[in-house]
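My notes follow in the order I made them.

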Amino acid sequence: MQAERSYRVGVVGATGMVGQRFLTLLERHPWFHVTVLAASGRSAGKSYREALAGRWVMPSPLPDSFAEMTVLDAEADIDRIVDAVDFVFCAVDMKKEEIRALEEAYARRECPVISNNSAHRWTPDVPMIIPELNPEHAAVIEFQRKRLGTRRGFIAVKSNCSIQSYVPALHPLRQFGIRTVLACTYQAISGAGKTFERWPEMVDNVIPFIGGEEEKSEQEPLKVWGHLENGVIVKADYPQITTQCIRVPVSDGHMAAAFASFERTPSIEEIKAIWREWKTEPQALGLPSAPTPFLRYFEEDDMPQTRLVRELGGGMTVSVGRLRPDTQYDIKFISVSHNTLRGAAGGAVEMAELLAAKGYLDA
């Protein structure tokens, strides 16, 4: 059944770093086939190669299959784009209110939008899905469609990249009643859409501030851990989360130092067994982007190291280590995820696979 799935896909915001990452993932995707590239009016009418103007930053070469495609205008050519696709990935660089309007315009034209942007993360009937954690939130799409007056069109968003470095490890431990969480995240420069060549002041440097990141890291897990009620996602009341988010001189990969307290404290070996045996829906469904394992625990004292683990599972595995008791919290651990794969484009592609498997992308 999976081999018969086939969807025409557009990438809106194709010239940016996340848009480029989408194309590397979609070049040979078994279900999704890119038929449209769209960007701002500045790029419209140019070939994709011309629109990039030498700004291709992925480690692999620009795929020939996309290089000569003509870039469309993400705003002016909506009707033309919608006619040529079954759904779009959206990763645009615009003001939030403009993104909200743009994504809703696509959805109202019966085009599902799988968004990498933050603009709709707190729209109550828009699901913010990490496929291994809250696939059940897809059910809110039917309520969103009623609000929009659509049959197919909807918006679904992925979460902030920072929370995917530590929230996946905490998720299966919720059975013990997580009460408080402290997380310090050490975030790669690609999270700002930068490379060392374009951001030389990051070389041999640490910047202890990322605008808006701490609020996202503290609040977004509560929506992921929320529940569907009266047609909206109601965020969880607990745990209480506090974070510090720090930019470090790493190209890709976000690391978290996480601490947690519980109502009923599990043992260290109990936690390791839960992580080791945890089964999730994307793996059961055989989604093409779902890694096996989703969580990987390292016993070595000096692991996980960002450069050594960020590509595990095609960049979709979350690596965990250094689990131990803490003197003020119950436990502490280190975890790492790839911010532009698991945390951005890869997470969005896997979310689209999940929604396809559940029938939300079908006509």
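**Entry 1: helix α5**

I started with helix α5, residues 96–108, which has 13 residues. From its first C-alpha to its last it reaches 18 Å, close to the 18 Å expected at 1.5 Å a residue. I kept in mind throughout that this is a predicted model.

Next I asked which residues of α5 are buried. They are Ile99, Leu102, Glu103, Ala105, Tyr106 and Ala107. I noted that the list holds a glutamate, Glu103. Then I looked up what covers them. The cover includes strands β1 (7–12), β4 (87–90), β5 (113–115) and β6 (155–157). Helices α4 (78–84) and α6 (141–148) are also part of it.

Just after α5, I found Glu110 with a positive phi of about 70 degrees.

I moved on to Ala119, in the loop between β5 and α6. Is Ala119 buried or exposed? Its relative accessible area is 8%, so it counts as buried, the cut-off being under 20%. Leaving aside neighbours within four places in sequence, Ala119 is in contact with Lys96, Ile99 and Arg100. Ile99 is also one of the buried residues of α5.

The largest pocket holds about 1,300 Å³ of space. I counted on the listing for its lining: 45 residues, with Val18, Ala91, Val92, Asp93 and Asn117 nearest the centre. Elements giving two or more residues to this lining are α1 (17–26), α5 and α8 (213–224). Of these, α1 gives the most, with four residues. By class, I have 12 nonpolar, 21 polar and 12 charged residues in the lining.

The second largest pocket has a volume of about 270 Å³. Its lining has 16 residues. Nearest the centre are Trp275, Arg276, Trp278, Pro293 and Leu295. Helices α9 (268–277) and α10 (281–285) and strand β12 (295–298) each supply at least two lining residues. This lining splits into eight nonpolar, three polar and five charged residues.

**Entry 2: nonpolar cores**

Which members of the largest nonpolar core touch the most other members? I have Tyr106, Tyr166, Leu173, Trp275 and Phe333, out of 56 residues. The largest share of this core, five residues, comes from α5. A second, separate core has 44 residues, including Ile114, Ala138, Ala156 and Ala290.

Ser335 sits in strand β14, residues 331–337. It counts as buried, because its relative accessible area is 0%. Among its own contacts beyond four places in sequence are Ser165, Tyr166, His254, Met255 and Ala256. Pro304, Ser319 and Val320 are also on that list.

**Entry 3: helix α9**

The buried residues of α9 are Ile271, Lys272, Ala273, Ile274 and Trp275. Their cover includes α7 (167–170), β12, β13 (318–325) and β14.

Most residues other than glycine have a negative phi, and most peptide bonds are trans. I looked for exceptions.

Tyr238 and Pro239 are joined by a cis peptide bond, with omega about 5 degrees. Pro239 is in the loop between β9 (232–234) and β10 (240–247). Another cis bond joins Thr292 and Pro293, with omega about 0 degrees. Pro293 is in the loop between α10 and β12.

Asp204 is not a glycine, yet has a positive phi of about 60 degrees. I placed it in the loop between β7 (178–187) and α8. At a relative accessible area of 75%, Asp204 is exposed.

Arg322, also not a glycine, has a positive phi of about 55 degrees. Where is Arg322? It lies in strand β13. Its relative accessibility is 37%, so I logged Arg322 as partly exposed.

Methods
Residues numbered from 1 in each chain as written. Predicted model: local features only at pLDDT ≥ 70, side-chain atom pairs only at ≥ 80, totals over all residues. Heavy atoms only, no water. Expected span 1.5 Å × (residues − 1). Buried < 20%, exposed > 50% of the residue type's maximum accessible area, 1.4 Å probe, protein only. Contact = heavy atoms within 4.5 Å. 1 Å grid on protein atoms, 1.4 Å probe; cavity = no way out; pocket = protein on both sides within 12 Å on 5 of 7 lines; lining within 4 Å. Points joined across faces, edges and corners; volume = space filled by probe spheres on them. Nonpolar A, V, L, I, M, F, W, Y, C, P; charged D, E, K, R; others polar. Core = buried A, V, L, I, M, F, W, Y, C linked by side-chain atoms within 4.5 Å.
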